Amino acid sequence: MAVPETIPIGYEPDYHTDDWLARKRWYAVLHTFDATGHYLGSRIERTGTDADRRASVDTAQDLLNQWLNALPGRRFGDIAVRPFRREFDDVLFGLVIETFEGDEHAELYPDNIGFYEPWDGSYDT
């Protein structure tokens, strides 16, 4: 099955994958898209390193909450977005089409979350 134009991403309440121990840097990240899944832009701010992990994480969560609270009409649910890529601080952020073992899939960076057929929004970490 070919990679669809928009990649479904299932919403899982109270679940996130922010722990980047390998990179030792913490960021607040908000990607925005239009109603048809086109990438509009990203707000990314480095909030610290693992040397001061608690403060770095707290700052990232506070910033993200501020950014989310400022969005008009915000609601949580499943979405479908088109692949995109953005580099910041030499780190790749985005939903990138890749091939693994002969199959195309979409990989969400920097968290390395993979989306595969049947393209129903479920993912692999």
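Strands β5 and β6 pair in the antiparallel sense over five bridges. Two strands count as paired if DSSP finds at least two bridges between them. Helices (H or I, at least four residues) and strands (E, at least two) are DSSP runs, numbered from the N terminus. The model is predicted: local features need pLDDT of at least 70, side-chain atom pairs count only at pLDDT 80 or more, and totals for chains, interfaces and linings use all residues. Residues are numbered from 1 along each chain as its sequence is written, and side-chain values use heavy atoms, with hydrogens and water left out.

D89 lies in the loop between β5 and β6. Its phi is positive, near 60°, in a residue other than glycine. D89 is partly exposed, with a relative accessible area of 29%. Here, buried means under 20% relative accessible area, exposed means over 50%, and partly exposed lies in between (1.4 Å probe, protein chains only).

R85 also belongs to strand β5. With a relative accessible area of 51%, R85 is exposed. R85 touches L92, F93, G94 and V96, leaving aside residues up to four places away in sequence. Contact means heavy atoms within 4.5 Å. The C-alpha atoms of R85 and I97 are separated by 10.0 Å, and these residues are twelve apart along the chain.

Strand β6 (residues 91–100) continues the pattern with β7: the two pair in the antiparallel sense over seven bridges. G94 has Y109 of β7 as its bridge partner. L95 is partnered with L108 of β7. E101 is found in the loop between them. Its phi is positive, about 50°, although E101 is not a glycine. E101 counts as exposed, at 68% relative accessibility.

Strand β7 in turn pairs with strand β8 (residues 113–115), again in the antiparallel sense, over three bridges. A106 has F115 of β8 as its bridge partner. Three residues separate β7 and β8 in their hairpin, and N112 in the turn has a positive phi of about 55°. P110 is found in the loop between β7 and β8. The peptide bond from Y109 to P110 is cis, with omega near 10°. A cis peptide bond also joins E117 and P118, where omega is about 20°. P118 sits in the loop between β8 and β9 (123–124).

E107 lies in strand β7 (residues 103–109). At 9% relative accessibility, E107 counts as buried. Its side chain is joined to that of H105 by a polar contact of 2.9 Å. A polar contact is a pair of N or O atoms within 3.5 Å; within protein, one must be able to donate a hydrogen and the other to accept it, and residues adjacent in sequence count only if both atoms are side-chain atoms. Not counting residues up to four places away in sequence, E107 touches G94, L95, V96, E98, N112, I113, G114 and Y116.

Helix α1 (residues 53–69) has 17 residues. From first C-alpha to last, α1 reaches 24 Å, close to the 24 Å expected at 1.5 Å a residue. The expected span is 1.5 Å times one less than the number of residues. S56, V57, A60, L63, W67 and L68 are buried in α1. Seen down the helix axis, the buried residues fall within an arc of 130°, so they line one face of α1. The arc is that of the directions from the helix axis to the C-beta atoms. What covers these buried residues includes β2 and β3 (39–49). On the other side of α1, R54, Q66 and N69 are exposed.

The structure holds seven aromatic pairs. Rings of Phe, Tyr and Trp (its six-membered ring) pair if their centres lie within 6.5 Å; planes under 30 degrees apart count as stacked, over 60 as edge-to-face and the rest as tilted. F33 and F84 form an edge-to-face pair, at 5.2 Å centre to centre and 70° between the planes. This pair links distant parts of the chain: F33 is in strand β2 (residues 25–33) and F84 is in strand β5 (residues 84–88), 51 residues apart. F33 counts as partly exposed, at 23% relative accessibility, whereas F84 is buried, with a relative accessible area of 8%. Ring pairs also link Y27, F88 and F93 into a cluster.
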